[in-house]
Amino acid sequence: MAIARQVLCVCAFLSLPHAGAEPIRYSVAEEAESGSLVGKLAEDAGLTPAQLSARRARLVSDDGRQHFRLDRASGRLVVAGRLDREELCGQAASCMLPFELLLAEPLQFFRVEVALEDINDHSPVFPEERVSFEIPETSDPGSRFPLEGAQDLDIGSNSIQAYSISPENEYFRVFYGSRITGKKYLELVLEKHLDREEQAEMSFSLIAVDGGSPPRSGTTEVKIVVLDANDNAPVFTQEEYIGQILENMPEGSVVLTVLATDQDAGVNGDISYQLSQGVGQSDSAFVIDPITGEIKLTKPLDYEAAATHEFSVRARDGGGLSAICKVLVQVVDVNDNAPELVVSSFSSPLPENTVPGTVVALFSVRDRDSGANGKISCALEDQLLFSLRPAYKNYYELVTVSALDHEETAQYVLSVTAADAGSPPLTTTQTFTVDVSDVNDNAPVFSQTSYTMYVRENNVPTVFVGAVSAADADVGLNAKVTYSLAPAQAAERPRCSCISVNSENGHVFVLRPLDYEHLRQTEVTVVASDAGSPLLRANVTVRLVVLDENDNAPLVLYPGQESGAASSELVPVSAEAGYLITKVVAVDADSGQNSWLSYHLLRATEPGLFIVAVQSGEVVTVRLRRPVTDRDSVKQKLVVLVRDNGQPPLSATAALSALLLKDFSDVRLPHSSVATEEQDGSLTTYLIISLVFVSLLFLISAAVFVARKVCRRKELQAGHVLYGADNLQSGLADAAAAGTLPRAYCYEISLTTGSGNSEFKFLKPILPSLPPQHCATGQGPEEGQDFPCVPVSTEDMAPDNPGTLSARQFNALSFD
């Protein structure tokens, strides 16, 4: 609204008739010191000093020169520098220095005129320091001899007021008067007859005095030479010659021709011409032919430097008489000056949110030519966002007409062309480079509407899983994007604290290991914020998906694998093929193919009796190929391998047992066998530990062991065969009769045929309630190999340690 009011005020001011506006007038004497007071401009303009500063007041002049300075603090107009009236206005009757007081916001002009008053700072100066006259002695009293008057650059009363002769003489006096045309002239008047014989020459001073206070004077010496009989002076055909010439005429061009005649004859009638230079015209642009009177150029003229040239031409005859005429040369303007464009103010850069109508530049145009050659028009090259509008007199404003957009165009190069109306027209182009500064009007934009990232469970801490990226169309700090995690809202459930985002590059990290079985996916909101003011931001959802790893082995639910005695499944020996014994049930905490389970029979007492379904884990029978004998194990141990489909696969085992029964009336016996087998398993553990210690003692007892083997070999050669079935049973019967074995034991003996060497393989106690024929069958080095069961009576055990063979029985069981 403020700008609109300013525009209305300017338009209202410009619509007023400027001819009726009364300028503010002051006067000041020339040569006033810098800083001299001219007038209270602010008060006379109806303004206060504060308004001068607030409205950016300044002085502008047509010629661009600043003769005065405005003191904004006091509102006074003071002299800016030395003012020379003669330099600024020449011989003009009045010297007026006009300029404008320009106010911005709103735009307002005040016309100010300062009259420069003349002071008597110049003395009269004669064109020549010495003037000679050759006057015939026949000259009558009252004869007048024209003199070149002195020139005084001052005007009015400070100019030349009178001439005098010093010392005074009786022959001559000086006359100073005006013609009808107003031109001043100076003549030397003869008062009485000259007598060459009495005085052939005379000299005196001609003094010119001005009217200043104090008065100034100038002097030239006048020399009079008395001649004989030349009583007619030359006479010009015109008192004043006026000529015109184009300012672009070349050197040597003829300006005009002067003509003087003399009624005398002979030498007294021969006329020669010479130029009489004025003050300050020592380097004249003209030269005259002394015979023909043609005035020619010696150098090109410049209308803008001087529109007219005035000088005198003297015509002198051979007898010494002369005449003077004035010559006025008018220089005709030629369109030889291009327009000038002066920038008063220029604003750059402009914020991109600048409102239309904002003034970008204020400039004035001028042309030193005159007439149509100095008439100027301005134009702005095709531009949709800027335009030119006249402001005041020869001032123009460059303004915006549409909204600017830094992201679309960051810089505009505007060309303003000023052209005059001459033929051909001359032009001047001024370039304005307007930078558009960025405003934070664009929020960051993510490259995707949402992000999905993946991480495998059991990841290492601070693992990189992906990156988010946002771009901002602004520049500088307005385009610097930083990333952060948005805090969870009160209505939302707390987000996972395991995710972090790098504020500089948007890299997303998982801070701690994750477990797929506890967390399968989570979502966070990433905020991209720029550094502008006000701050703009954008949000994006990042979904973190946890990928399953095969880190959980299968868990067997059935049969239970706890440390207690496992139950046995009862299987009739007459069962058909496909008879379902039991089903192994297992689960895997993983997912996907990592949880796909398969079942395999790992070990079995009789591998050919049972199979396990790969997919379901069902344990079924196959057709029995032979009847079960007493040597077959009633209890069948099965180990089922449960394996998942991961990479690498993980597995678990399930141990189960099956009792082969002829009918279910024998259910108690297998349970007793189960207990026996469990005790066998415990003894196996103890025997393994004992074998470790025996191995440590093996080196010590090696020599003794070799000696005993040699002794045993001799006994064998004597006919003692111990490993026959009859011999073994009879030996055991003797031991039992002796009462050394408290209970019956079953020993499994592994024999190596053909080598003569034997190995004591396994020792298993048999429950007292079992008869010798129900002894369990042992396993050899290879699974499923049967060994003979040897019954031993309690009498064969050592009396001090039941369950241990006596030395006799041990020797009896030792065989090659």
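In the predicted model, P167 sits in the loop that connects β10 (160-166) with β11 (172-178). The peptide bond leading from S166 into P167 is cis, and its omega is near -10 degrees. Most peptide bonds are trans, and most residues other than glycine have a negative phi.

For E31, which is not a glycine, phi is near 65 degrees. E31 is placed in the loop between β1 (24-29) and β2 (37-39), and its relative accessible area of 28% makes this residue partly exposed. K393, likewise not a glycine, has a phi of about 50 degrees. The loop between β28 (386-390) and β29 (395-400) holds K393. With a relative accessible area of 49%, K393 is partly exposed, because the exposed class begins over 50%.

The surface carries a patch of negative charge formed by D195, E197, E198 and D228. Of these residues, E198 lies in the loop between β12 (184-190) and β13 (201-210). E198 is exposed, its relative accessible area being 58%.

I689 is part of helix α5, which spans residues 668-698. The relative accessible area of I689 is 44%, so this residue is classed as partly exposed.

E606 occupies the loop between β45 (598-604) and β46 (610-612). Its relative accessibility is 22%, which places E606 among the partly exposed residues, since buried means under 20%. The C-alpha atoms of E606 and K637 are 8.2 Å apart, while the two residues are separated by 31 positions in sequence.

Over the whole protein chain, 8 helices and 52 strands were assigned. The chain has 816 residues, of which 39% count as buried. Among contacts between residues at least 6 apart in sequence, 68% join residues at least 24 apart. The accessible surface of the protein chain amounts to about 43700 Å², and carbon and sulfur atoms contribute 53% of this area.

Technical notes: Residues numbered from 1 in each chain as written. Predicted model: local features only at pLDDT ≥ 70, side-chain atom pairs only at ≥ 80, totals over all residues. Heavy atoms only, no water. Patch = residues over 30% accessible without salt bridge, like charges linked within 9 Å, V, L, I, M, F, W, Y side chains within 5 Å. Areas by Shrake-Rupley, 256 points an atom, 1.4 Å probe, with all protein chains shown as cover. Salt bridge = Lys/Arg side-chain N within 4 Å of Asp/Glu carboxyl O. Lys, Arg positive; Asp, Glu negative; His and termini not counted. Charge placed at Lys NZ, Arg CZ, Asp CG, Glu CD. Helix = DSSP H or I, 4+ residues; strand = E, 2+ residues; numbered from the N terminus. Buried < 20%, exposed > 50% of the residue type's maximum accessible area, 1.4 Å probe, protein only. Contact = heavy atoms within 4.5 Å.
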